[in-house]
Amino acid sequence: MVPEVIEMSSGNEKFVINAEMIGKASKFADKHNFRRECLWIRVEKSELFGARIIATDGHRMIVFIDPQSDFKGPGFNLELFETSMSSGIKVLKPLIKACRK
């Protein structure tokens, strides 16, 4: 089950963001794509309220607005993959994997 919200930190600031939106946006990423833009999710402060969550697969882009987020910026890139120590291939980071369930 996906947690409703997760607490994250950007620098010294902690904030709450919708875990389901992070999980859905992460499905746009492609670990086989050579473009760095396809390997992370962008989190930015929305001009109206909350946070904007952006992801792309190089052909399509998805944008979520989380109105309940208390994110104040600055924007940052949330990396989705890490290299497995045992196999050397890219695998989802544990936080992203938890958000996808």
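Tutor: What follows is a set of questions and answers on a predicted model.

Student: Why is S84 called buried?

Tutor: Buried means under 20% relative accessible area. S84 has 15% relative accessibility, so S84 counts as buried. You will find S84 in the loop between β7 (81–83) and β8 (90–92). Leaving out residues up to four places away in sequence, S84 touches I89 and V91.

Student: Why is K93 called partly exposed?

Tutor: Partly exposed covers the range between the buried limit of under 20% and the exposed limit of over 50%. The relative accessible area of K93 is 28%, so K93 is partly exposed. K93 sits in the loop between β8 and α2 (94–100).

Student: Which residues does K93 touch, not counting those up to four places away in sequence?

Tutor: They are E79, L80, F81 and E82. K93 and E82 are 11 residues apart in sequence, while their C-alpha atoms are 6.0 Å apart in space.

Student: What makes the nonpolar surface patch, and how does I65 qualify for a place in it?

Tutor: The patch is made by L48, F49, M61, V63 and I65, and its area is about 510 Å². A patch residue needs over 30% relative accessible area and no salt bridge. I65 belongs to strand β5.

Student: How do you know that helix α1 is mostly covered?

Tutor: Of the 8 residues in α1 (residues 19–26), 6 are buried. These are A19, M21, I22, G23, A25 and S26, and buried means under 20% relative accessible area. At the start of α1, a side-chain oxygen of N18 comes to within 2.9 Å of the backbone nitrogen of E20.

Student: Which residues touch the most other members of the largest nonpolar core?

Tutor: Among its 26 residues, they are I17, I22, I41 and I53. Several elements, including β1 (5–10), β2 (13–18) and α2, each supply at least two residues of this core. The largest share, 4 residues, comes from α1. Apart from neighbours within four places in sequence, I22 is in contact with I17, I41, V43, I53, L78, I96 and C99.

Student: What kind of peptide bond leads from G73 to P74?

Tutor: That peptide bond is cis, with omega near -5°. P74 is in the loop between β5 (61–66) and β6 (76–79).

Notes: Residues numbered from 1 in each chain as written. Predicted model: local features only at pLDDT ≥ 70, side-chain atom pairs only at ≥ 80, totals over all residues. Heavy atoms only, no water. Patch = residues over 30% accessible without salt bridge, like charges linked within 9 Å, V, L, I, M, F, W, Y side chains within 5 Å. Areas by Shrake-Rupley, 256 points an atom, 1.4 Å probe, with all protein chains shown as cover. Salt bridge = Lys/Arg side-chain N within 4 Å of Asp/Glu carboxyl O. Buried < 20%, exposed > 50% of the residue type's maximum accessible area, 1.4 Å probe, protein only. Contact = heavy atoms within 4.5 Å. Polar contact = N/O pair within 3.5 Å; in protein donor to acceptor, adjacent residues only side chain to side chain. Core = buried A, V, L, I, M, F, W, Y, C linked by side-chain atoms within 4.5 Å.
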